[in-house]
Amino acid sequence: MSQTPANPACAIECRQITKTFGSVVANDKIDLDVRYGEILALLGENGSGKTTLMNMLSGIYHPDSGSISIAGQPVSINSPVDAMHLGIGMIHQHFKLVDAFTAMDNIVLGTHGKRLAPKVLKERILEICHSVGLEIDPEKRVYEMSVSEKQTVEILKVLYRDAKILILDEPTAVLTPQETGKLFAILRRMREQGRAIIIITHKLQEVLEISDRVTILWKGKSIDTVNTAETNARQLTELMVGRPVSLSIQRPQPQDPQPVMDVQGLTVKKPDGAIALDGISFDIRSGEILGIAGVAGSGQKELCETIAGLTKSEKGHITFKGEEILGKTPAEIISLGIHMGFVPEDRLGMGLVASMGMVDNMLLKSYRSHKGMFIDRKPARALAEELIRRLEIVTPGEDTPVRLLSGGNVQKVLIGREIESGPSVLITAYPVRGLDINSSYTVYDLLNEQKQKGVAVVFVGEDLDVLLELCDRILVLCHGRITGLVDASSVTKEQIGLMMTGSHSGEVQQ
Ligand SMILES: Nc1ncnc2c1ncn2[C@@H]1O[C@H](COP(=O)(O)OP(=O)(O)OP(=O)(O)O)[C@@H](O)[C@H]1O
Ligand SMILES: [Mg+2]
């Protein structure tokens, strides 16, 4: 334990914090200091203990040992209410809002004391918004909101409680680059107001852009804290991974690509009747990676969902090896070998059963092809073991319920299962969201491996550098139309950017 008295200028001082879950040491004697008026980034691989540490500051877990001081006073944080009284507010990786309630109702939910009259409450909320630059309609219901609006409600929830210390766990994982820019402007305003901010993000350029200092966790230990101005992406990666890593993506030459899927004149409407896809035509070829670029909401989601048989189309055709797939059920489409590796906003909401272990989740995917009366768990267990080894999944075992794995590790299970199921067409949307750098590169390698096996890979992405390095062709969507279909090796980031806004049309090559 530290002998030096706690420093009142320090918003938070953690000393020698340890937390174990059974045999897993999630936090191992961690030291962490955060000052008022600074943004501290917390960096570390998937499963390195970031969320666990933050959950102790927000009263969800209690440390096994170690001490925490807030503004120089030793404290014991036994519940989220304690944390709130100490001025600590956390915006979680998975939002905790009530869908049927309005923004306003969600913001006051759980606060004690006299409820303000709706008019006064609304004014108070708008006042807070104005002070930091947030925008929200207080009367909008959560189920009608975009992800970034939901995040705004979460931030307002903690500001309404006058939090002086804000913790944001991977707030940018689900935001577009534009939304991230807005969020960062808001965080800077909060820093100017003297608040202490801890942000978790796997994107190194974000760490370098927004933080004043960076604390790096490695396998549950705090191994270093550096000034952001004095570091760079390479040094941070080495500290985080514990060894030098190569940050370049391979692009093997496509081997004799042949069209396997043909999309012709596809028109799809959104639930509200607006056009999501407006008569688009292109093909997907074996042995190559087709990138799909576009600002969020340009039709990417509807395209993936229509191919998967989850959304109906208005007009057009999608054929796979000459056979029409529109009108088929999702199960029929999967049985043709067309697999989706969506990474949804809520990772546990899509395709994985949180209370089951990896083996049972593997079985879920393969049970349709199962014929006999008894289920043979051996292949599923072997597959789970293989994924744990290849993707370096941090888990006590293949039967541990997936809800107990860290966010990034849940995602590795999700994507690994799709890749290993031997598809002919593999459609992945945002597969590296929430993954640490090392795991992101492992996923790129896996996609390349699929391509070399002759699989037709579609990669819906948001990072233009990655799209340009990894893909063979890039299709650009803007307002549901194709504004470019280009060779990735001969196009620039700026050109793609212009196509994404519809102000420049790329060569549409067939
Ligand atoms: N309630 C729990 N029960 C058992 N193990 C847990 C529990 N919560 C976390 N763990 C384990 O503790 C370790 C640290 O997890 P944590 O969620 O803190 O990682 P993280 O750094 O936030 O990772 P990510 O970047 O993937 O979100 C992991 O091995 C995780 O499986
Ligand atoms: Mg986490």
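How are helices α13 and α14 oriented to each other? In this predicted model, the two helices, α13 spanning residues 407-419 and α14 spanning residues 437-452, pack at an angle of about 5°, with their axes 12 Å apart. Since angles under 35 degrees count as roughly parallel, α13 and α14 are therefore roughly parallel to each other. The contact is formed by Gly 408, Lys 412, Ile 415 and Ile 419 on the side of α13, which meet Ser 439, Val 443, Leu 446 and Gln 450 on the side of α14. By class, the residues of this contact comprise four nonpolar, three polar and one charged. An α-helix has 3.6 residues a turn, so residues three or four places apart point the same way.

Gln 450 counts as buried because it has 20 C-beta neighbours inside 10 Å. When neighbours within four places in sequence are left aside, Gln 450 is in contact with Ile 419, Leu 426, Val 455 and Val 457; of these, Ile 419 belongs to the α13 side of the helix contact described above. Between Gln 450 and Asn 409, by comparison, the C-alpha to C-alpha distance is 21 Å, with a separation of 41 residues in sequence.

At the level of the whole chain, the domain assignment gives domain 1, covering residues 10-241, and domain 2, which is made up of the segments 246-337 and 426-510. The centres of the two domains, taken over C-alpha atoms, are separated by 34 Å. To the contact between them, domain 1 contributes 10 residues and domain 2 contributes 11 residues, and the side of domain 1 that touches domain 2 consists of four nonpolar, four polar and two charged residues.

Helix α1, residues 50-57, is mostly covered, with eight of its eight residues buried; the buried residues are Lys 50, Thr 51, Thr 52, Leu 53, Met 54, Asn 55, Met 56 and Leu 57. After α1 comes Gly 59, for which phi is positive, near 80°. In strand β6, residues 88-91, Ile 88 and Met 90 point one way whereas Gly 89 and Ile 91 point the other way, and all are buried. Strand β6 runs parallel to strand β7, residues 165-169, to which it is joined by four bridges, and within this pairing Met 90 has Ile 167 in β7 as its bridge partner.

Definitions and conventions. Residues are numbered from 1 along each chain as its sequence is written. Chains are lettered from A and ligands numbered from 1 in the order in which they are written. This is a predicted model: local features need pLDDT of at least 70, side-chain atom pairs count only at pLDDT 80 or more; totals for chains, interfaces and linings use all residues. Axes are lines fitted to C-alpha atoms, for helices over the stretch in contact, and angles run from 0 to 180 degrees between N-to-C directions. Angles under 35 degrees count as roughly parallel, over 145 as roughly antiparallel, 65 to 115 as roughly perpendicular and the rest as oblique. Two residues are in contact if their C-beta atoms, placed from the backbone, lie within 7 Å. Ala, Val, Leu, Ile, Met, Phe, Trp, Tyr, Cys and Pro count as nonpolar, Asp, Glu, Lys and Arg as charged, and the others, Gly among them, as polar. A residue is buried if 20 or more other C-beta atoms lie within 10 Å of its own, exposed if 12 or fewer, and partly exposed in between; C-beta atoms are placed from the backbone. Two strands pair if DSSP finds at least two bridges between them. Domain bounds come from an automatic or database domain assignment.
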